[in-house]
Amino acid sequence: MDIIKSTLLVMWIGAFSIGAVAQQSAKSWIRINQMGYAENAVKVAVLGSKSHDKLKNFELIDAITSRVVLKRSIGKNFGEYGPFTSTYRLDFSEFKSPGSYYLKVGDTRSPKFSIGSEVYTGSADFALKYMRQQRCGYNPFLKASCHPVDGYSVYGPMPDKTFIDVTGGWHDASDYLQYSTTSANATYHLLAAYRDFPAVFSDKHLSNGLDGANGSADVLDEAKWGLDWLLKMHPREDWMFNQIADDRDHAGYRLPHLDSVNYSYGRGTGRPVYFITGEKQGLGKFKNNATGTASTAGKFASAFALASQLYNSKDKFMADMYRKRSISAYNFGLAKPGNAQTASVLSPYIYAEGNWVDDMELGAAAIYQMTGEEIYMNQASKYSDEEKITPWIGADTANHYQYYPFHNFGHFELAKKSDEATRAKLIGYYREGIEKVWQKSKGNAFYRGVPFIWCSNNLTTSFAIQCYLYRKLSGDNTYLQLEQASFDWLFGLNPWGTSMVYGLPSHGDTPVDPHSSFTVLKNYPLDGGLVDGPVYGSIYSSLIGIQLKDPDEYAEFQSRLAVYHDDTGDYSTNEPTMDGTASLIYLLAAKENDSREGANGKKQ
């Protein structure tokens, strides 16, 4: 992920310059969720202005009849944020009539948007397109196979260069590395989405990803693709592999079925597969800081345990296989407590995971749900007390993937089966983390309290999920506006006024030039892919190898606070990620489900 191209000149294109794009005459903009708003949900837009005009009211206008249907005070000026000198929250939550509308403040109009119970319908299924496009082995988008001879072992108990069949799974991002930690997390999210919201998913694809129905929801087919690969990466009780390939992958643009990188085995003839040892690794001068196996092993355990529960009524043989692998993976983590990290050769950029008890908590909670054995409940509860709040929450910065996953699903899964006291404690942990973000958010009109570090959109997605899980456990709607603001941010309610998901919605301003070989070489769409998202101006200015290919259409919205480019040359903000998209699928499914329940009069 986050490809550093060795062929690019070291260059920083000024994030704060206007470049070749002339400033627009407009001085104010209304930012909306371009997906639209559910009838009974929070409905907020943000006016951002570069002027100090005195503003009194905003109007909600029917886009068909041009009739003003709601007029309200513009409310508090939240002041400066990013490129804007004045910002206002335009809250029209009270209006619930379905239809097409736009907002107006003075001469400033928003884009049109919809209000209705079906605004999110099909969006989770749409994002699955990106997951299928990321498949290794047979790729249904390309209708071709890639990396058929992976891989050759390193660091394992077997001799180096022993062939291990690990073909399959998903490419991590725009590069073709494959990580157990992100893949297991993605698999868990897909399985949980199917478990929690089965009605929102359709069956329009075969298990190989090609068009056709097979009697299984597409999201479960995609999860199964991940599970099949995880079984290869944990093929026996005492074997577990952490990644395939390394940053030697970053050798220029090419499509995956034409990958010819030489990892010392011959061009395109196989890639290294790293055994997870729990110790520092690195085949070049750069070494990671791994301290154990538990962070990866816990993720394996949770994915397999949830799979076993879901497959118990579908396929007893597979359910039993997943059960055994879940327990062996968990034991593999118990043997070496600590965090695993990815390894690199040419550069120091790695997934520098620094925590692990959250992974073991989720693993233990999932195994308890699978087996009913109290020892796992007790261990999960112990782990929950060791990391009450995911450490990035409330912080201003963190290393790349230092605290991963970006929300702790373990608290939710444990609380569902706990006694009242333990349940209340776990809900309190969620609330304490959310409150930290709320204290940072409530001072700005976007209600933004998530730091602008690499993959900020992934953090935003996870934080919205944590708010959702808290709301479902507690019944407390205190943070509903904060939850919705995080979701809205991803779909255009941000300073740049763009959705961060390729092709979603189809009628909106979405990424068109993501950092990807698919885009650069063939102009292929990356439908459903969630891009990394904005980073602090200070981060952007320190990166090497960035060279924008086109004039910056968002130049006047860049700031010292945060930078985002829809440009293939910006690997830091505009690269889609597989695991971020998998988390987004869970969030989209939750929102679609909420919309349906809201339309049916159920409590939100």
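Helices, with at least four residues in the H or I state, and strands, with at least two in the E state, are DSSP runs numbered from the N terminus. In this predicted model, Tyr-554 falls in the loop that separates helix 13 (537-542) from strand 16 (562-563). Is Tyr-554 buried or exposed? Because its relative accessibility is 5%, and buried means under 20%, Tyr-554 counts as buried.

Leaving out residues up to four places away in sequence, Tyr-554 touches Trp-496, Thr-498, Asp-509, Tyr-564 and Asp-566.

Helix 11 (residues 480-490) is mostly covered, with 9 of its 11 residues buried; among them are Leu-482, Glu-483, Gln-484, Phe-487 and Asp-488. Ser-486, another residue of helix 11, counts as buried at 5% relative accessibility, and beyond four places in sequence Ser-486 touches Thr-460, Phe-463 and Ala-464. After the helix comes Gly-492, which has a positive phi, near 120°.

The structure holds 44 aromatic pairs. One of them joins Tyr-152 and Tyr-265 in a tilted arrangement, with 4.6 Å from centre to centre and 40° between the planes; this pair links distant parts of the chain, since Tyr-152 is in strand 11 and Tyr-265 is in the loop between strand 13 and strand 14, 113 residues apart. The rings of Phe-446 and Trp-489, by contrast, have planes at 85° and centres 5.9 Å apart, so this pair is edge-to-face. It too links distant parts of the chain: Phe-446 is in the loop between helix 9 (420-441) and helix 10 (456-474), Trp-489 is in helix 11, and the two are 43 residues apart. Both Phe-446 and Trp-489 are buried.

## Strand pairing around strand 6

Strand 6 (residues 99-105) pairs in the antiparallel sense with strand 3 (residues 57-62) over 4 bridges, and within this pairing Glu-59 has Lys-104 of strand 6 as its bridge partner. Strand 6 also runs antiparallel to strand 8 (residues 113-115), to which 3 bridges join it, and here Tyr-101 stands opposite Phe-113.

A further antiparallel pairing, over 2 bridges, connects strand 6 with strand 7 (residues 108-109), where Val-105 has Thr-108 as its bridge partner. These two strands form a hairpin with 2 residues between them, and Gly-106 in the turn has a positive phi of about 60°.

## The open mixed sheet

Elsewhere, 4 strands form an open sheet in the order 11-14-13-12, with mixed pairing. Strand 11 (152-154) and strand 12 (178-179) stand at its edges with a single partner strand each, so one side of each has no neighbour in the sheet. Strand 13 (residues 241-244) and strand 14 (residues 272-275) run antiparallel and are joined by 3 bridges, with Phe-275 in strand 14 as the bridge partner of Phe-241. Helix 3 (residues 218-233) packs on this sheet, where it touches strand 12, strand 13 and strand 14, and the direction of the helix makes about 115° with that of strand 13.

## Nonpolar cores

The largest nonpolar core has 174 residues, of which Leu-90, Phe-92, Leu-103 and Phe-201 touch the most other members. Helix 4 (residues 294-311) gives the most to this core, with 11 residues. Beyond four places in sequence, the contacts of Phe-201 include Ala-124, Leu-128, Tyr-194, Val-219, Ile-585 and Ala-589, together with the polar Asp-125. A second, separate core of 8 residues includes Leu-142, Leu-255, Tyr-502 and Leu-526.

## Cysteines

How many disulfides does the structure hold? It holds 0. For Cys-146, the closest cysteine sulfur is that of Cys-136, and the distance of 3.8 Å is too far for a bond, because a disulfide is counted for sulfur atoms within 2.5 Å. For Cys-455, the closest cysteine sulfur is in Cys-467, 19 Å away, which is likewise too far for a bond. Cys-146 is buried, with a relative accessible area of 1%, and Cys-455 counts as buried at 0% relative accessibility.

Notes:
Residues numbered from 1 in each chain as written. Predicted model: local features only at pLDDT ≥ 70, side-chain atom pairs only at ≥ 80, totals over all residues. Heavy atoms only, no water. Pairing = 2+ DSSP bridges. Buried < 20%, exposed > 50% of the residue type's maximum accessible area, 1.4 Å probe, protein only. Contact = heavy atoms within 4.5 Å. Axes fitted to C-alpha atoms, helices over the stretch in contact; angles between N-to-C directions. Core = buried A, V, L, I, M, F, W, Y, C linked by side-chain atoms within 4.5 Å. Phe/Tyr/Trp six-rings, centres within 6.5 Å; stacked < 30°, edge-to-face > 60°.
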